[in-house]
Amino acid sequence: MMEFRHTSVLLRETIDSLHVRPDGTYVDGTLGGGGHALEVCRLLSDKGRLIGIDQDGDAIAAAQDRLKEFKDRVTILRSNYSAMVTELEQLGITSVDGILLDLGVSSHQLDDAERGFAYRADAPLDMRMDTRQTLTAADVINTYSEQELARILREYGEERFAGRIAGRIVKQRETRKVETTGELADLIRNAIPAKYRNEKGHPAKRSFQAIRIEVNRELEVLQDSLDGMIDLLNDGGRLCVITFHSLEDRIVKQAFRRNENPCTCPPEFPVCVCGKKPKGRTLTRKPILPTEEETEGNSRAKSAKLRVFERVIQK
Ligand SMILES: C[S@@+](CC[C@H](N)C(=O)[O-])C[C@H]1O[C@@H](n2cnc3c(N)ncnc32)[C@H](O)[C@@H]1O
């Protein structure tokens with residue numbers, strides 16, 4: 001495996017927001033190379049515990065190495081964070097003091113051409129974070145309908161030439177499948193009118209992001225997981241989520257709002273009759289953003305937003 005390279009985003013801000021108690025139990029649901037997890041471990045006593053989850057085998061191997069000095073207090077699992085509740089149950093854990101999600105892909109995944117995420121390289125179209133999964137980017141590109149492809153490129157990539165790109169893909173595959181990242185990047189480039197090609201970075205950047213989000217079901221998984229994570233938290237426990245995409249951020253913001261104010265009674269009702277009680281409060285009315293210094297040193301941080309929810313258990 002090539003060396004694992006990834007700079008953790010919003011590191012200090014996230015660790016401060018997590019409020020680590022030395023004897024507490026914490027979960028990093030997107031362990032990656034273990035950058036955030038290492039800082040959590042440094043604050044734990046030998047009674048504290050960190051459970052790290054990642055669906056990517058390379059990330060697991062890198063984190064095992066990075067966290068080896070703390071192996072007595074760390075458990076690393078190759079899994080999807082959507083299975084967090086059941087994975088923890090199997091370890092005999094039913095509640096925790098804090099959960100962290102740092103969404104999206106690691107620089108390692110993007111840089112390793114063989115993983116098929118990179119529009120600057122030429123490798124089989126793959127983009128699976130979990131290589132045990134069957135759906136690949138090649139399947140999406142070669143089997144989805146033109147309408148579906150256009151929707152994905154428009155919604156997940158905010159690509160204004162989504163329709164033209166989807167049309168090109170479908171036309172190309174009538175004669176031969178699109179097999180590699182290089183072929184797809186060229187096809188996208190040629191579908192975009194020349195004067196807009198280099199408007200916002202590489203012309204294939206937005207479409208590659210969109211396809212990656214689809215292959216890994218990133219939005220569905222996030223949407224289906226946050227309520228369960230909030231339920232796992234002990235009183236005062238915190239859920240910290242770093243997003244990199246406006247749709248992800250919206251899902252997080254809405255989940256926090258729903259858990260802060262779950263009452264579904266019509267506003268004209270004088271008292272609540274639905275019985276749904278708030279589960280806690282959002283600590284970040286506005287998301288925490290990286291400093292200019294951080295974005296200068298790490299362009300990946302530019303779109304990062306951190307939101308924090310604190311569980312309050314009503315007595
Ligand atoms: C941005 S990186 C995390 C980097 C890490 N915080 C660090 O500082 O080194 C995101 C990681 O989350 C993993 N990931 C993304 N979605 C996941 C999911 N649904 N379940 C488990 N892991 C996921 C990816 O494989 C990737 O390794």
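Please bear in mind that the model is predicted.

Let me begin with α12, which runs over residues 246-260. This helix has 15 residues, and the distance from its first C-alpha to its last is 21 Å, close to the 21 Å expected at 1.5 Å a residue. Its buried residues are L247, E248, D249, I251, V252, A255, F256, N259 and E260. In general, an α-helix has 3.6 residues a turn, so residues three or four places apart point the same way. What lies over the buried residues of α12? The cover includes the helices α7 (146-157) and α11 (218-232), together with the strands β5 (233-243), β6 and β7 (305-311).

V273 counts as exposed because its relative accessibility is 59%, over the 50% cut-off. Together with F269 and V271, V273 forms a nonpolar patch on the surface, and the three share about 300 Å² of accessible area.

Finally, the cysteines. How many disulfides does a search of the whole structure find? The search finds zero. For C41, the nearest cysteine sulfur belongs to C240 and is 15 Å away. C41 has 0% relative accessibility and therefore counts as buried. C263 has the sulfur of C265 as its nearest cysteine sulfur, at 3.7 Å. That pair is not a disulfide, because the sulfur atoms would have to be within 2.5 Å. At 31% relative accessibility, C263 counts as partly exposed.

Terms used
Residues are numbered from 1 along each chain as its sequence is written. This is a predicted model: local features need pLDDT of at least 70, side-chain atom pairs count only at pLDDT 80 or more; totals for chains, interfaces and linings use all residues. Side-chain values use heavy atoms; hydrogens and water are left out. Patches are made of residues with over 30% relative accessible area and no salt bridge: like charges are joined within 9 Å, nonpolar side chains (Val, Leu, Ile, Met, Phe, Trp, Tyr) within 5 Å. Accessible areas come from the Shrake-Rupley method with a 1.4 Å probe; for residues, only the protein chains shown count as cover. A salt bridge is a side-chain nitrogen of Lys or Arg within 4 Å of a carboxyl oxygen of Asp or Glu. Helices (H or I, at least four residues) and strands (E, at least two) are DSSP runs, numbered from the N terminus. Buried means under 20% relative accessible area, exposed over 50%, partly exposed in between (1.4 Å probe, protein chains only). The expected span of a helix is 1.5 Å times one less than its number of residues. Contact means heavy atoms within 4.5 Å.
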